[in-house]
Amino acid sequence: MKMKKTSLFLSTSILAAALAGCSTGQGSGSEDGVTTIEFWAAPNPTQQVYWEEMAEAFEKENEDIKVEVSPMKESPTSEAGIQTAIAGKSAPTMSENINRGFAAQLAESKALVPLNEIEGFDELLQNRSMEETIKTWKFADDNQYVMPIYSNPMLFGWRIDVLKEAGVEEVPKTYSEMLEAADKLKEKFPDKYIWAKADLADPTAWKRWFDFFMLYDAASGGNNFIEGDQFVADDAAGIEVLQLMDDLREKDALLTKQATDPFESGLGVFTDIGPWTFSYWEEKFPEMVYGETFDLALPPVPDDVSTENVNTFADTKGIVVYASATEEERAAAMEFMNFVYSDPENDLTWLETTKLPPARDDLSSNEAFASFFEENPELKPYADAIPNAIPSIDNAKYNELQTHIGSMAVNPVVEGTISPEDGWEEMKRAIEGELKK
Amino acid sequence: MMKKRFNGTGWLFASPYLFYGIIFFIIPLIWSFYLALTDWNLIAPVYEFIAFDNFIEAVQNPGVQAAFFVTFKFMAAFVPMVIVSSLVVALVVHGLPRFKGLFLIGFFLPYLASGVVSSLIVKGLLSYNSSINVVLRDSFGLDIDWLNSPLSALLVVAAIIAWKFTGYYALILTAGFEGINKEIYEAAAIDGVTASQRFFKITLPLLYPALFTTLILSIGVSFGIFTEVYQLTGGGPNYATNTWQMEIFNQAFTNLNAGYASAVAIIASVVTFVAILMIRKILEVWGKRNGWV
């Protein structure tokens with residue numbers, strides 16, 4: 001009998017422990033007049049420390065709001081972590097690290113609060129000087145679901161040292177200049193390539209942000225690709241982008257085989273570069289010096305397009321507030337955002353910590369950031385390009401759509417298995433079919 | 001006639017596992033079936049019951065069709081690779097006069113290595129500007145696009161997984177070798193059998209139970225390949241390495257189609273179950289016919 005009781009106790013304890021392990025441990029809510037909001041920071045220590053410091057400073061001035069900062073779960077990706085948290089009713093009040101495409105997926109599922117419906121949003125835009133930048137973030141339903149934190153206008157890097165050796169004195173700005181540079185490069189260095197990038201042959205959706213969309217945004221003058229459920233891309237611009245890839249391939253100036261550090265080793269002389277690259281280079285490739293070994297430029301454009309005010313893709317991420325948050329939590333979240341973004345010093349701290357340009361209209365003109373850009377001249381072109389940067393498409397099916405761009409157009413064109421015109425038509429047909437589903 | 005008695009203590013001792021099974025297996029399984037009949041993405045407040053539409057769409061999807069065939073192609077490459085390599089390792093270790101355990105542990109270590117890390121190392125080794133490829137290009141004129149050509153990408157992934165599992169299966173086969181009675185070899189020597197006759201007529205038949213286990217285990221592995229493919233090829237080129245796990249992952253976590261992904265997962269489970277059952281039966285019949293079991 002005693003043994004039975006012991007067994008019963010043991011099995012009950014194990015079950016209780018197992019069920020306790022399944023607990024979500026949700027931290028938001030209101031208690032004793034204090035509203036607690038849960039903030040998920042990007043899963044990297046730098047950003048987590050930044051947000052912890054902001055939360056601490058905010059709590060000192062707002063005793064009725066507590067901000068609990070924790071890293072976003074990556075199980076197996078941060079998007080999947082958020083998806084499972086929402087499904088498991090354990091979503092935080094707010095989180096950062098959300099791109100526009102994923103926000104569109106969440107918004108379509110009514111998982112996000114339109115920020116423009118929370119009191120204090122207009123004040124936030126004014127205080128942070130981002131009324132222009134935010135316009136490109138408006139979603140198809142006229143709502144703003146994401147408060148952009150940073151905006152990386154993606155630029156192309158050129159190995160000017162290699163180009164000079166090949167007799168190319170100026171960084172190419174147009175397609176003909178680029179193809180001319182390809183001829184000179186191959187003549188001098190038959191084993192080198194203009195563009196060495198294995199991702200061009202990979203259909204993974206997000207990879208198109210850093211090749212196709214950079215070139216397409218530039219070629220089309222920032223013309224939308226998808227509007228709501230309509231394919232509205234500039235056909236001529238799209239075909240010209242694919243033609244450039246095809247021309248480079250024909251000149252053997254395009255390498256799509258997997259290579260280690262192709263740009264840094266000089267195997268390729270052209271690549272997309274984000275601001276995050278420089279701290280990596282400082283450690284691993286100190287020989288990469290801005291203005292000496294490499295230069296930064298906006299994407300090249302077709303010959304009939306102006307080389308002034310060229311558009312490019314904006315790698316941007318921002319903050320969202322989840323629909324599961326109560327009215328008090330939503331208001332507290334907005335207060336926290338207003339606290340952080342009403343002081344340019346906080347954006348400066350962000351910039352110094354992460355090297356990611358804050359999504360502000362006045363980044364290149366505000367005195368608060370002047371000394372930072374003097375010390376980091378390689379980041380100045382990014383600040384200058386922010387007004388011309390186009391964020392990703394805001395369609396909930398962005399993954400499927402961008403996979404079609406890769407598998408139907410970019411991949412077969414760089415492999416030489418389809419013509420640019422046919423590739424574009426195949427892609428268009430697949431995208432329109434996907435949008436009708 | 002004996003009366004059946006309710007054994008409370010037995011049920012009590014089994015209850016932790018039963019609860020575990022119900023919570024982590026039975027309920028998710030039922031839930032997955034339900035999910036597969038809807039268009040839910042797990043987060044939308046409303047969703048529709050769409051009966052078998054997800055299943056119909058899945059069987060027509062090129063990604064799912066590719067996953068079906070790719071699994072068997074992987075099996076055709078991986079199973080012979082891993083069986084031969086583990087057999088060789090087991091034979092070598094078995095023949096060692098001492099430190100057998102130490103060597104076995106050494107061969108077993110890749111099994112514990114992270115698939116992500118080993119994939120990244122292989123990616124570096126096979127990159128266009130790696131020493132291997134430079135030598136192949138400069139000395140032999142061979143310019144191989146390892147991860148972008150359908151056949152080599154598949155073989156590379158199969159080879160990494162074979163490397164990972166070789167030590168594990170060698171452990172099982174070594175135990176099999178150790179279990180063979182040495183007197184049989186002595187008797188065969190007196191009868192004047194050759195080395196190859198000894199291996200094919202004595203060793204292999206007596207090793208069959210261990211070989212059978214490793215065969216079934218390796219076939220099972222072929223249905224669950226994910227990390228190496230995810231890291232190295234992403235399922236490409238052109239679906240040439242798109243496994244069931246890749247397809248399920250992409251649909252569930254990239255495209256947020258949880259209902260559809262559940263349908264694919266169920267199809268994958270059925271295919272896996274039926275395939276393993278059939279292969280097992282074939283191996284049993286073959287073993288019996290040849291007098292190996």
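Modeller: Helices (H or I, at least four residues) and strands (E, at least two) are DSSP runs, numbered from the N terminus. This is a predicted model, where local features need pLDDT of at least 70 and side-chain atom pairs count only at pLDDT 80 or more, while totals for chains, interfaces and linings use all residues. Residues are numbered from 1 along each chain as its sequence is written, chains are lettered from A and ligands numbered from 1 in the order in which they are written, and side-chain values use heavy atoms, with hydrogens and water left out.

Colleague: What is the phi of Lys89(A)?

Modeller: Phi is near 55 degrees there, a positive value in a residue other than glycine.

Colleague: Why are H3(B) and H4(B) called roughly antiparallel?

Modeller: Helix H3 (residues 62–95) and helix H4 (residues 100–112) of chain B pack at about 160 degrees, with their axes 9 Å apart. Axes are lines fitted to C-alpha atoms, for helices over the stretch in contact, and angles run from 0 to 180 degrees between N-to-C directions. Angles under 35 degrees count as roughly parallel, over 145 as roughly antiparallel, 65 to 115 as roughly perpendicular and the rest as oblique. H3(B) and H4(B) are therefore roughly antiparallel to each other.

Colleague: Which residues make that contact?

Modeller: Val89(B), Val93(B) and His94(B) of H3(B) meet Lys100(B), Phe103(B), Leu104(B) and Phe107(B) of H4(B), contact meaning heavy atoms within 4.5 Å.

Colleague: What makes E10 and E12 of chain A edge strands?

Modeller: They belong to an open sheet of five strands, ordered E10-E7-E11-E6-E12 (chain A), with mixed pairing. Strands E10 (254–255) and E12 (295–297) each have a single partner strand, so one side of each has no neighbour in the sheet. Two strands pair if DSSP finds at least two bridges between them. E7 (residues 193–196) and E10(A) pair in the parallel sense over two bridges, and Trp195(A) has Leu254(A) as its bridge partner in E10(A).

Colleague: How much area do chain A and chain B bury between them?

Modeller: About 2800 Å², 64% of it on carbon and sulfur atoms. Buried area is the accessible area (1.4 Å probe) that two parts lose on being put together, summed over both. In chain A, Gln83(A), Lys257(A) and Gln258(A) lose the most area to chain B, together 23% of what that side buries.
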